[in-house]
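Please look over the structure below before reading on.

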Amino acid sequence: MSAVPPAATTIDYGRLLPLYAAQALATGSTTVSTVLASLIISGMGSESLSGLPSTLIQLSAAASASLFGALMLHSGRRLGLSLAFVLGALGAVVGFLGARSGLMLVFLLGAAMMGAAQGGYQQARYAAAESVPDSKRGTALGVLMLMSVLGSLVMTGASRPIEQLGLVLGVSAEAAGWLVGGGLLGIAALLMLVWRPLRAPVGTAPVRLPMREAFRIRGVRSTTLALATAQGLMVTLMSLTPLRAHHMGMSHAGVAALISGHIVGMFGFGWLTGPLIDRFGVRLGYVGGSLLLLAAALTAPLPGTAWLGVSMFLLGFGWNLAFVGGSKALSRFPSAQGAADSLGYVAAASGTLLGGWIIGHSGFPLLAGICAGLALLPLVSAWRAAPKYTGS
């Protein structure tokens with residue numbers, strides 16, 4: 001480990017830049033793989049299974065998050081993140097080969113590897129938080145969010161070069177997109193070679209406790225509840241709202257605009273939400289996130305496609321608040337981080353599976369109503385938040 005940052009009240013962005021850049025590339029790759037996976041499966045003639053890759057990615061991430069968390073706790077962030085990026089790059093290549101050859105099982109294996117990698121490299125946010133004073137951890141997380149939106153928007157705007165690459169390789173644009181995603185993760189792995197992890201400033205070092213003991217500390221379980229709720233609701237509505245848009249007659253360009261607005265809500269306001277949570281405490285993240293997620297669920301079933309755009313933006317913004325607040329609170333307890341992320345991925349996988357069933361049997365408004373009720377759970381987290389993080 002390297003020396004303590006030069007001042008106990010500042011953020012050394014230069015030292016964190018490789019980590020931020022790697023996470024931006026990884027987020028771009030995740031965006032590409034998630035959006036294109038269903039199209040690849042559909043192109044193989046299995047439209048009824050189009051949701052399977054997304055569910056498989058979430059379940060694989062749930063299975064790996066705790067394992068990567070334990071690895072990083074034992075051997076350090078750099079090794080764990082490097083292995084996660086390498087695993088993701090290999091998974092993207094396997095998925096590309098499966099898509100090119102039309103072998104569904106090979107493609108799904110690649111999707112599972114990508115999901116397992118995501119369970120590891122999403123914990124880069126804790127590496128960023130641990131590198132700065134406690135009073136600046138929300139800000140450091142917010143900057144990481146901002147870098148993530150740049151990675152996502154760059155990849156969503158690179159459709160033409162990806163199509164051209166597909167023509168050169170003789171494959172579909174969707175398959176070429178997976179290969180590009182693998183390249184991004186490979187570069188992220190290389191960035192880990194030049195990233196020098198920073199020690200936390202004196203007095204803010206992570207608390208090294210066994211996982212069971214960590215979850216007994218006030219605020220840890222309720223923080224996990226907020227993170228899992230936000231992740232589950234965000235992925236469920238993000239994945240299934242485009243289906244409602246399609247049924248309402250929205251074009252592919254319109255659906256792409258919905259996703260872009262959602263991504264901006266998720267990542268684009270980290271520069272604002274991070275410092276606000278540092279200033280007023282994590283309860284702001286839980287309460288604000290809960291109310292925005294509630295508003296997203298209530299506006300999603302309203303008539304008119306404009307409301308879908310409002311809903312998707314609010315969904316992303318609400319997730320951002322809860323995610324930044326919860327991540328800051330858990331940054332002191334590394335042994336709980338992987339398990340908390342695993343529960344979030346389980347919630348997301350369960351939500352997409354059950355949500356699709358609910359839409360098929362009872363319609364989208366019922367799903368939105370259930371999501372609205374669940375959106376209130378982070379209010380429990382606000383009530384149970386540890387005093388240290390309430391801003392008081």
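1. Start with Ala62. Ala62 sits in helix H2 (residues 52–75). Helices here are DSSP runs of H or I with at least four residues, numbered from the N terminus. Ala62 is buried, at 10% relative accessible area. Buried means under 20%, exposed over 50%, and partly exposed in between (1.4 Å probe, protein chains only).

2. A note on the source. This is a predicted model, where local features need pLDDT of at least 70, side-chain atom pairs count only at pLDDT 80 or more, and totals for chains, interfaces and linings use all residues. Residues are numbered from 1 along each chain as its sequence is written, and side-chain values use heavy atoms, leaving out hydrogens and water.

3. Neighbours of Ala62. Ala62 touches Ser342, Tyr345 and Val346, not counting residues up to four places away in sequence. Contact means heavy atoms within 4.5 Å. Ala62 and Gly115 are 53 residues apart in sequence, yet 8.3 Å apart in space, C-alpha to C-alpha.

4. How many salt bridges does the structure hold? There are five. Each is a side-chain nitrogen of Lys or Arg within 4 Å of a carboxyl oxygen of Asp or Glu.

5. One of them joins Arg125 and Asp341 (2.7 Å, N to O). Arg125 lies in helix H5 (residues 124–130) and Asp341 in helix H15 (residues 334–362), so the pair ties together parts 216 residues apart in sequence. Both residues, Arg125 and Asp341, are buried.

6. Glu163 and Arg160 also pair (3.7 Å, N to O). Both lie in helix H7 (residues 159–169), three residues apart, about one turn of the helix. Glu163 is partly exposed at 40% relative accessibility; Arg160 is exposed at 56%.

Technical notes: Helices (H or I, at least four residues) and strands (E, at least two) are DSSP runs, numbered from the N terminus.
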